Amino acid sequence: MSGIVKGVPSRGSALLEQADGLSDALGLALDKPSTQPLTSRLYHALREWIQTGRLVSGQRLPSTRRLAQELGLGRNTVLAAFDQLLAEGFLVTRHGSGTFVADLPFQHVTTTDTASSPAAVDGDMNLSARGTALLAYCPTQQGRHPAFVPGVPALDRFPHAQWQRLVRRHLQHMPMDWLAYQVQGGVPALREALADYLQLSRSVRCRPEQILIVQGAQQGFELIVRLLSDSGDEVWLEEPGYHGAQACFAAAGLDMQPVPVDGEGMQIEALDDPGHPRLIYVTPSHQYPSGVTMSLARRLALLEAAERHGAWIVEDDYDSEFRYGQRPVAALQGLVEGARVIYVGTFSKVMYPGLRLGYLVLPEPLVEPFRRANARLHREGQYAVQAALAEFIARGHFSRHVRRMCDCYRRRQALLRQALAPALACGLRLSEGQAGMHLVAWLDDAEHERNLVDRAAGEGISLSPLSSYYLIAPGRPGLVLGYAGTVEAEIERAGRWLAQAWCELTSD
């Protein structure tokens, strides 16, 4: 059984609540080949449906006379089955009203709907403490992306046809040995293309051999945690910070030490008792979610702290390609020769999330153990897709796509600001938005945050509460507004709604 829920109807019970539906379902059950007497088969079918929630507490059953007629059975056969269920407490009779499913202390519900409910998970799945902690960082997924979901690129602007031609060609001419298990760390052509790109665009110090291709940044985080930390080790991470990294560290049982973020990025000097971190997670080029860029002084201080503690800095450079009106900021990894930094990149934002490709730039001593562990734990794959991506980069398609997306996101951000102009006049404050794919609306009242988030959900608008990105409650209230993956017409609609809702809220 997948869960214990009291009085919760299953998906199938909607049909069984109708007398005709129950008769039809029982008829199908009784038609199955069996050596048992009809009374026994009818009794077992009804008892199972009551126990599994297909017949719910308080549900009225057809009369024995009607049920016998519709099933083509003798009435005594139906009466005997009902009497047995009445004796065992599965059914109750109410004088003058009929026969009903008893109000049971519990019902085992086996359907898809209830198996995914919190009660089902908490009550019967016996999750580990680590698994329970992890689920706190795993929101319920939505089937589509409503307006303002952060982190979603403009999928409508991706060059699908061009990309599909490349992938199809590499699939058709794929070397036979790519069908076997791979241990190379990724297609050499892709690692070479990435090394050239990162050196030129991000000032990353690397050779192709230092790059390990992984199935997204999240898998990269997991490899880092597995190989470089033990349960109970301390990790410093930004406050507020990225849910995906928080989930990874929580699942590994690390002691998470939130470090405040201000206008210059992570403030390690603000820690009262800094301890001895094993890992330091940071998004220095475009802090998530606040959007600030870490100052040079803070970067150098962070590198010095990592060296002093023998810690590894995990530099998540998730959307550094998208900058508006300012030059790209050099990666933390390239500031100092031999820095204790692991650079993490992803194609989920600049290409599309379903590609499931990311990469690590590893210091020389870590290359071999990471490559071996990745091949053992996760296996390597998608070599044809990796080869297509290498050609996509080498032919200049990648850089042209980045430029187009920068133009697109600049326009969409401007459109959002325009739609929110009435709210700005009513006191709403927005982040500068000089980079990235989202804006932050800063609020001063937690009640305003809750009110707007709840009301927006009914309008098909996703307002991510800024306070949820904090490990230590209460976090600063605000709204994280993703605009990159929202089409222009929807930005205008959702923006106008938010502006009106904000002005109404603050005028009360």
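Reply: Contact here means heavy atoms within 4.5 Å. Leaving aside its neighbours within four places in sequence, Gln182 is in contact with Asp177, Ala375, Glu380 and Tyr383. This is a predicted model, in which local features need pLDDT of at least 70, side-chain atom pairs count only at pLDDT 80 or more, and totals for chains, interfaces and linings use all residues. Residues are numbered from 1 along each chain as its sequence is written, and side-chain values use heavy atoms, with hydrogens and water left out.

Gln182 belongs to the loop that runs between helix H9 (160–172) and helix H10 (188–202); helices (H or I, at least four residues) and strands (E, at least two) are DSSP runs, numbered from the N terminus. Is Gln182 buried or exposed? Gln182 counts as buried because its relative accessibility is 8%; buried means under 20% relative accessible area, exposed over 50%, and partly exposed in between (1.4 Å probe, protein chains only).

The side chain of Gln182 also meets backbone atoms. One of its polar atoms lies 2.5 Å from the backbone oxygen of Asp177, and the backbone oxygen of Ala180 lies 3.2 Å from a polar atom of that side chain. A polar contact is a pair of N or O atoms within 3.5 Å; within protein, one must be able to donate a hydrogen and the other to accept it, and residues adjacent in sequence count only if both atoms are side-chain atoms.

Although Phe148 is not a glycine, its phi is positive, about 75°. Phe148 counts as buried because its relative accessibility is 0%. A residue in contact with Phe148 is Leu463, whose other contacts beyond four places in sequence are Leu452, Val453, Ala456, Leu479, Leu481, Trp497 and Leu498.

Helix H12 (residues 243–251) is mostly covered, since seven of its nine residues are buried. These are Gly244, Ala245, Gln246, Ala247, Cys248, Phe249 and Ala250. Their cover includes helix H8 (129–135), helix H11 (217–228), strand S7 (234–239), strand S8 (255–262) and strand S10 (277–282). Pro240 sits in the loop between S7 and H12, and a cis peptide bond, with omega about 5°, joins Glu239 to Pro240. After H12 comes Gly253, whose phi is positive, near 75°.

A further cis peptide bond runs from Tyr288 to Pro289, with omega near 10°; Pro289 lies in the loop between S10 and helix H13 (296–309). Finally, Arg356 has a positive phi, near 55°, and is a residue other than glycine. Arg356 is found in the loop between strand S12 (341–346) and strand S13 (358–361). Arg356 counts as partly exposed because its relative accessibility is 35%, whereas Phe148 counts as buried at 0%.
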